Amino acid sequence: MEVMPMEIRLLRDVWRPPVLGAALAGTMALGGACATAQELVWARYGDIDSLDPHRATSTLSMQVWDQIYDTLLAFDMDGNPQPNLASGNEASEDGLVYTFTLNEGIMCHDGTPFDANDVKFTIDRAFGDTPSLTKTSWGPISDVTVVDDLTVQVTLESKFGAFLPFLADSFSSMVCDTNTADTFGSSTAIGSGPFKLVEWVKGDEIVLDANPDFKNFGKPVENAGPPMFDRLIVRTVPEPQTRLAALRTGEVQIAEPPFDDIEAIKSEGELDIVVADNTGQNVFWEFTISRPPFDDIRARQAVAYATDAQMAIDIIYGGLSQREWCPIARGVFGNDQEFCKQFGYEYNPEKAMELLAEMGFGPDNPLETTMFVWTGGNRHKLAEIFQAQLAQVGIKAAIEIMDIGTMNARVKEQNESPDDPSPGTFDMMTWSWYDPDILYQLWHSPGAYSGFQTPELDAMLEETRTTIEPEARLEKVQAVIQYLMENAAHVGLYTPGWEWVFAVRPEVEGFKIGPFLHPIFLDVTLEEG
């Protein structure tokens with residue numbers, strides 16, 4: 001989430017044990033008197049990669065950037081970009097020049113005004129000597145011009161349909177131009193967001209204080225001003241049961257609970273359960289097509305027909321996940337379940353066996369392969385169900401489970417090894433993104449993993465980027481969807497809600513998850529214990 005610019009936003013990191021409760025008794029001077037600070041502790045399974053929005057691609061990092069920085073545009077709850085730091089924008093008739101007008105009175109955390117120079121600094125930096133990992137997602141920007149303090153003009157070399165949506169995502173976080181120290185990204189970070197960085201102790205916790213100067217112009221909450229509590233502590237606690245224990249004792253207020261305990265937590269009624277909707281995440285089968293057996297479309301189709309995804313996710317995730325037919329996730333422009341289902345592969349083991357028989361495989365000669373799966377989220381149990389389904393049609397699939405970073409590298413290595421005599425593999429992959437431009441990142445040559453590519457597909461994907469009128473762009477996007485599905489290059493499985501389930505203590509009111517996994521704390525109030 002690269003691999004390609006935004007690589008997968010689900011990275012697990014090395015952990016060193018945190019000290020729970022260490023910062024829960026802090027005090028700060030309020031109004032000239034000493035009072036107990038209102039602190040909210042949010043425990044997560046992993047740490048961020050960097051405080052610098054140009055140096056990481058994980059969801060864990062992005063969710064912290066949300067608190068420190070702000071963006072020119074902001075997503076509403078339906079995932080549509082709206083004005084934010086920029087009160088408005090105008091595009092030239094040819095769609096190549098965008099003029100943004102900034103709101104007045106925005107302040108960086110160091111007390112300097114946020115203005116057009118900060119926008120130029122951010123974008124120039126994304127294309128600089130050490131470019132942003134999401135450089136290609138910014139689009140073909142050729143020039144950024146400061147017109148005046150509150151006006152900035154961005155020129156593109158060609159039309160780019162995903163430009164405005166990108167400016168609402170955290171990967172386009174606006175970085176104040178005073179971030180020039182070598183420590184930026186590791187121990188310093190100056191933004192204009194709702195919280196200021198106090199400290200990042202790697203592998204342990206990130207301490208953020210409320211920004212009293214914050215003004216909310218576009219985030220989908222009622223509060224237009226600063227956070228309504230004093231300090232946010234984002235703590236790394238990898239063990240699910242440890243997080244749950246800390247929730248029960250009140251040492252943390254928000255955390256991801258153990259999946260297997262969710263129903264019990266709901267029944268007990270002591271903690272609220274918040275499930276992220278419109279995550280932008282999509283889990284799917286992809287294949288090593290550079291060598292047998294998956295260089296033959298029939299082998300890919302056989303796996304697709306042999307997979308009963310609905311049955312598997314019902315068993316493992318219950319109502320927390322949805323069957324996904326499309327190559328882009330629910331809530332993303334272009335996702336249409338009925339359209340995609342026309343070109344999908346309904347569970348049909350008989351058809352799978354017919355295709356395998358055409359290839360010379362049968363009960364006495366199964367197709368042998370290996371399924372790559374990344375760790376966590378009960379995926380090992382899901383993989384075992386899929387393994388059993390495939391075995392029923394004559395596909396003998398070994399399972400290899402690994403961390404997501406290793407899996408990304410292995411998939412790319414497999415695709416780039418056409419002369420390897422071993423059977424090609426397939427994998428349960430996931431990507432998260434807010435726009436159908438994810439299809440370009442995955443499948444346009446050279447592709448995120450050097451996988452399925454054709455000149456015809458490249459040309460179609462270029463059109464999804466250079467078409468900006470919504471109806472026309474939808475037509476281009478759906479043409480790509482149809483092509484990928486008919487070629488069984490991308491076989492949808494499910495959209496995960498389980499990956500982002502939050503247990504919240506009763507003293508926390510107003511916590512919400514915005515679209516595409518953006519936690520929002522601006523409406524949060526904390527009852528006194």
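1. Lining of the second largest pocket. In this predicted model, the lining of the second largest pocket contains 14 nonpolar, five polar and three charged residues. The pocket has a volume of about 400 Å³. Its lining consists of 22 residues, and those nearest the centre are Pro 81, Gly 161, Pro 165, Asp 435 and Arg 473. The elements that contribute two or more residues to this lining are strand β4 (73-75) and the helices α4 (163-166) and α15 (470-486). Helix α4 gives the most, with three residues.

2. Overall form. The protein contains 15 helices and 25 strands. Its C-alpha trace spans about 80 × 60 × 40 Å along the principal axes. A compact globule of 529 residues would have a radius of gyration near 24 Å, and the value for this protein, 24 Å, agrees with that expectation.

3. Surface and interior. Of the 529 residues, 57% are buried. The accessible surface amounts to about 19800 Å², and carbon and sulfur atoms account for 49% of that surface.

4. Salt bridges in general. Side chains of opposite charge can pair when their charged atoms come close. How many salt bridges does a search of the whole structure find? The search finds 22.

5. Asp 52 and Arg 125. These two residues form a salt bridge in which the closest N and O atoms are 2.5 Å apart. The pair links distant parts of the chain, 73 residues apart: Asp 52 is in the loop between β3 (39-44) and α1 (59-68), while Arg 125 belongs to helix α2 (residues 116-126). Asp 52 has a relative accessible area of 2% and is therefore buried, the limit being under 20%. Arg 125 has 22% relative accessibility, so this residue counts as partly exposed.

6. Glu 205 and Arg 235. Here the side chains meet in a salt bridge with an N to O distance of 2.6 Å. Because Glu 205 lies in strand β11 (residues 205-210) and Arg 235 in strand β12 (residues 231-236), the pair ties together parts that are 30 residues apart in sequence.

7. Glu 413 and Arg 410. The closest N and O atoms of this salt bridge are 4.0 Å apart. Which element holds Glu 413 and Arg 410? Both lie in helix α12 (residues 404-415), separated by three residues, or about one turn of the helix. Glu 413 is partly exposed, with a relative accessible area of 44%. Arg 410 also counts as partly exposed, at 25% relative accessibility.

8. A network. Salt bridges may also involve a group of residues, as with Arg 248, Glu 268 and Glu 270, which are linked in a network.

9. Points to check in the viewer. The student may wish to locate Asp 52 in its loop and Arg 125 in helix α2, then Glu 205 in strand β11 and Arg 235 in strand β12, and finally Glu 413 and Arg 410 in helix α12. For the pocket, Pro 165 and Arg 473 are among the residues that lie nearest the centre.

Conventions. Residues are numbered from 1 along each chain as its sequence is written. This is a predicted model: local features need pLDDT of at least 70, side-chain atom pairs count only at pLDDT 80 or more; totals for chains, interfaces and linings use all residues. Side-chain values use heavy atoms; hydrogens and water are left out. On a 1 Å grid over the protein atoms alone, a cavity is a set of points where a 1.4 Å probe fits but cannot get out, and a pocket is an open set with protein on both sides within 12 Å along at least five of seven lines; lining residues have an atom within 4 Å of a point. Grid points are joined across faces, edges and corners, and a volume is the space filled by probe spheres set on the points. Helices (H or I, at least four residues) and strands (E, at least two) are DSSP runs, numbered from the N terminus. Ala, Val, Leu, Ile, Met, Phe, Trp, Tyr, Cys and Pro count as nonpolar, Asp, Glu, Lys and Arg as charged, and the others, Gly among them, as polar. Buried means under 20% relative accessible area, exposed over 50%, partly exposed in between (1.4 Å probe, protein chains only). The radius of gyration is taken over C-alpha atoms; the globule rule is 2.2 Å times the number of residues to the power 0.38. Accessible areas come from the Shrake-Rupley method with a 1.4 Å probe; for residues, only the protein chains shown count as cover.
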